[in-house]
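Please read it with the sequence and the 3D view at hand.

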Amino acid sequence: DEDPRRRRCKCEICGDSFTNHSGIKFHMQSHLDDNDPEQARKKRPFKREHCGLAYRVVLSLRNHIKSRHSGKEMVEKPFHC
């Protein structure tokens with residue numbers, strides 16, 4: 001059997017388990033509805049106002065800005081974000 005101290009936080013929706021409260025809290029965002037504007041804001045709270053893209057993790061937003069934007073202007077890319 002698995003050590004109960006390793007997986008003590010269990011998701012009541014899907015049964016996944018986590019080692020700590022912050023893990024289950026982050027995981028629960030994955031069950032929010034993207035089609036509900038209020039839930040979508042909670043699921044992806046880090047939003048780039050310039051292009052409207054939103055992310056679950058601030059580091060992902062920072063990486064997006066560095067790779068796609070230069071200040072307020074779009075960096076020349078063969079694609080749009």
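The numbered points below go from the overall fold to individual side chains.

1. The model is predicted. Its chain contains three helices and six strands. Read from the N terminus, these elements follow the order β-β-α-α-β-β-α-β-β.

2. Burial and surface. The chain has 81 residues, and 14% of them are buried. The accessible surface of the chain amounts to about 6,600 Å². Carbon and sulfur atoms account for 49% of that surface.

3. Contacts along the chain. Which share of the contacts between residues at least 6 apart in sequence joins residues at least 24 apart? In this chain the share is 10%.

4. Aromatic rings. A search of the whole structure gives zero aromatic pairs. One ring does have a charged neighbour: Arg-56 lies over the face of Phe-26, at 3.9 Å from the ring centre.

5. Salt bridges around Asp-34. The structure holds three salt bridges. Side chains of opposite charge can pair when their charged atoms come close. Asp-34 takes part in a salt bridge with Lys-43, where the closest N and O atoms are 3.4 Å apart. Asp-34 also meets Arg-44 in a salt bridge, with an N to O distance of 2.7 Å. Arg-44 belongs to the loop between α2 (37-43) and β3 (46-47), and Asp-34 to the loop between α1 (21-28) and α2, so this pair ties together parts that are ten residues apart in sequence.

6. Glu-38 and Lys-42 form a salt bridge whose closest N and O atoms are 3.8 Å apart. Both residues lie in helix α2, four residues apart, which is about one turn of the helix. Glu-38 counts as partly exposed, at 48% relative accessibility.

7. A nonpolar patch. Phe-26, Phe-46, Val-57, Val-58 and Leu-59 make a nonpolar surface patch of about 380 Å². Phe-46 is located in strand β3. Its relative accessible area is 32%, so Phe-46 is partly exposed and passes the patch requirement of over 30%. Phe-26, also a member of the patch, is the residue whose ring face lies under Arg-56.

8. Where does His-27 lie? His-27 is part of helix α1. At 11% relative accessibility, His-27 counts as buried. Leaving aside residues up to four places away in sequence, His-27 touches Cys-11, Cys-14, Asp-16, Phe-18 and Arg-56.

9. Points to check in the view.

Definitions and conventions:
Residues are numbered from 1 along each chain as its sequence is written. This is a predicted model: local features need pLDDT of at least 70, side-chain atom pairs count only at pLDDT 80 or more; totals for chains, interfaces and linings use all residues. Side-chain values use heavy atoms; hydrogens and water are left out. Helices (H or I, at least four residues) and strands (E, at least two) are DSSP runs, numbered from the N terminus. Buried means under 20% relative accessible area, exposed over 50%, partly exposed in between (1.4 Å probe, protein chains only). Contact means heavy atoms within 4.5 Å. Accessible areas come from the Shrake-Rupley method with a 1.4 Å probe; for residues, only the protein chains shown count as cover. Rings of Phe, Tyr and Trp (its six-membered ring) pair if their centres lie within 6.5 Å; planes under 30 degrees apart count as stacked, over 60 as edge-to-face and the rest as tilted. A charge sits over a ring if NZ of Lys or CZ of Arg is within 6 Å of the ring centre and within 35 degrees of the ring normal. A salt bridge is a side-chain nitrogen of Lys or Arg within 4 Å of a carboxyl oxygen of Asp or Glu. Patches are made of residues with over 30% relative accessible area and no salt bridge: like charges are joined within 9 Å, nonpolar side chains (Val, Leu, Ile, Met, Phe, Trp, Tyr) within 5 Å.
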